Amino acid sequence: MRKTGLAILGDVPWGRHVALFYETKADLLQTCVPFLKAGLESNEVCAWIIAEPLTEKDAWGALREAVPALDRYRADRRIEILESQTWYFTGDSPDLQKVAGGWEAKLADAVGRGHDGLRVAACAPKLEEKEWADCFDYEERRNGYLSDKRMLSLCLYPLPTSRAADVERTHPSTQMKRPGQGQVID
């Protein structure tokens, strides 16, 4: 069992794939920072894939406040922050094969360097309407992929969204973060 850093989730097994709906940048930070901090404290490699409204400066600043050894973790390549449009796209098109291969490589690197596994907090990229079907197909396939992997994945979706039913369908559990509170809406 892995500590998530989130009271609502508690401890979870490897392979957990959770979706979080959030309303504000503060909600996003209040969820991602403790989630990633718990991973660093548990000998995991962490990746935070950010999107608007977060900037890289916001993300590093929030982590710095919560993680005293952040500079050491960064020097040891234990945590990285990537832009969602860079991670999910090749040129102007989503490239979900690149993403799947990227996670496989990051997990292999983490385990190969003696870490327990990989923890990911990933903000959904900006997609055109026609691209969402492929995205949700990818999310659904991810459940099978993660089932035997030493990896935790927290997928973050902004509210309001007309795609809530698709998010809930493609993630084994879903959480909604409201300002000042959180609740599981499995």
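Is F21 buried or exposed? I found F21 buried, at a relative accessible area of 1%; buried means under 20% relative accessible area, exposed over 50% and partly exposed in between, with a 1.4 Å probe and protein chains only.

I note that this is a predicted model, in which local features need pLDDT of at least 70, side-chain atom pairs count only at pLDDT 80 or more, and totals for chains, interfaces and linings use all residues. Residues are numbered from 1 along each chain as its sequence is written, and side-chain values use heavy atoms, with hydrogens and water left out.

Rings of Phe, Tyr and Trp (its six-membered ring) pair if their centres lie within 6.5 Å; planes under 30 degrees apart count as stacked, over 60 as edge-to-face and the rest as tilted.

F21 and Y157 make a tilted pair, 6.4 Å centre to centre with 50° between the planes. F21 belongs to strand β3 (residues 17-22) and Y157 to strand β9 (residues 151-158), so this pair ties together parts 136 residues apart in sequence. Helices (H or I, at least four residues) and strands (E, at least two) are DSSP runs, numbered from the N terminus. Y157 is buried at 4%.

W87 and W103 are also a tilted pair, at 4.5 Å and 50°. W87 is in helix α4 (residues 84-88) and W103 in helix α5 (residues 96-112), 16 residues apart. I recorded W87 as buried at 11% and W103 as buried at 2%.

Finally, I checked charges over rings (NZ of Lys or CZ of Arg within 6 Å of the ring centre and within 35 degrees of the ring normal). R74 lies over the face of W60, 3.6 Å from the ring centre. R119 lies over the face of F35, at 4.8 Å.
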